[in-house]
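Reader: I have a model open and want to read it residue by residue. Please walk me through it.

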Amino acid sequence: IIHGKDKEKKKEIIKTIKEEKKVKLRKEDFMFEKKESETLKRDPGQINGQQFIIDTCRNCKIYLKDYSAAINVYHCDNCEIFLGPCNSSIYIRESSNCKVIVAAGQLRLYKCVNLKLLVFSLS
């Protein structure tokens, strides 16, 4: 049986351990923005079901090799994009001249031009 100061010290240690285990998510880890002529990737375990955003990329090769909740692709041009499994929707907007491979519950396109698509989707 732990009493007094020892009991409070134990609670403090447990609290510290729990805080150290919490992973702080950083917005920039879940987006590629304003990139040009780069190879960009996220490996398994780096997205872990979070939403991911790809915005204003030009002449890039993009590989998301992890599952995600949703993916938004905006204003991309002349990119090769591989998107791993997505639980819900992938939105591609105002993009052109891209090759895209996706696996998603749903794929939505808006104002896109000259996309080459390989799609696995439930709808």
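Author: S37 sits in the loop between β1 (31-36) and β2 (39-42). Strands here are DSSP runs (E, at least two residues), numbered from the N terminus. This is a predicted model: local features need pLDDT of at least 70, side-chain atom pairs count only at pLDDT 80 or more, and totals for chains, interfaces and linings use all residues. Residues are numbered from 1 along each chain as its sequence is written, and side-chain values use heavy atoms, with hydrogens and water left out.

Reader: Is S37 buried or exposed?

Author: Buried means under 20% relative accessible area, exposed over 50%, partly exposed in between (1.4 Å probe, protein chains only). S37 has a relative accessible area of 54%, so S37 is exposed.

Reader: Which residues does S37 contact, leaving aside its neighbours within four places in sequence?

Author: Contact means heavy atoms within 4.5 Å. On that basis, S37 is in contact with R58, N59 and C60.

Reader: Where is R42, and what is its nearest side chain of opposite charge?

Author: R42 is in strand β2. A salt bridge needs a side-chain nitrogen of Lys or Arg within 4 Å of a carboxyl oxygen of Asp or Glu. R42 is buried and has no salt bridge. Its nearest side chain of opposite charge is D29, 4.8 Å away. Beyond residues up to four places away in sequence, R42 touches several others, including E28, D29, F52 and Y63.

Reader: How exposed is F82?

Author: F82 lies in strand β6 (residues 80-93). Its relative accessible area is 32%, so F82 is partly exposed.

Key:
Helices (H or I, at least four residues) and strands (E, at least two) are DSSP runs, numbered from the N terminus. Lys and Arg count as positive and Asp and Glu as negative; His and the chain ends are not counted.
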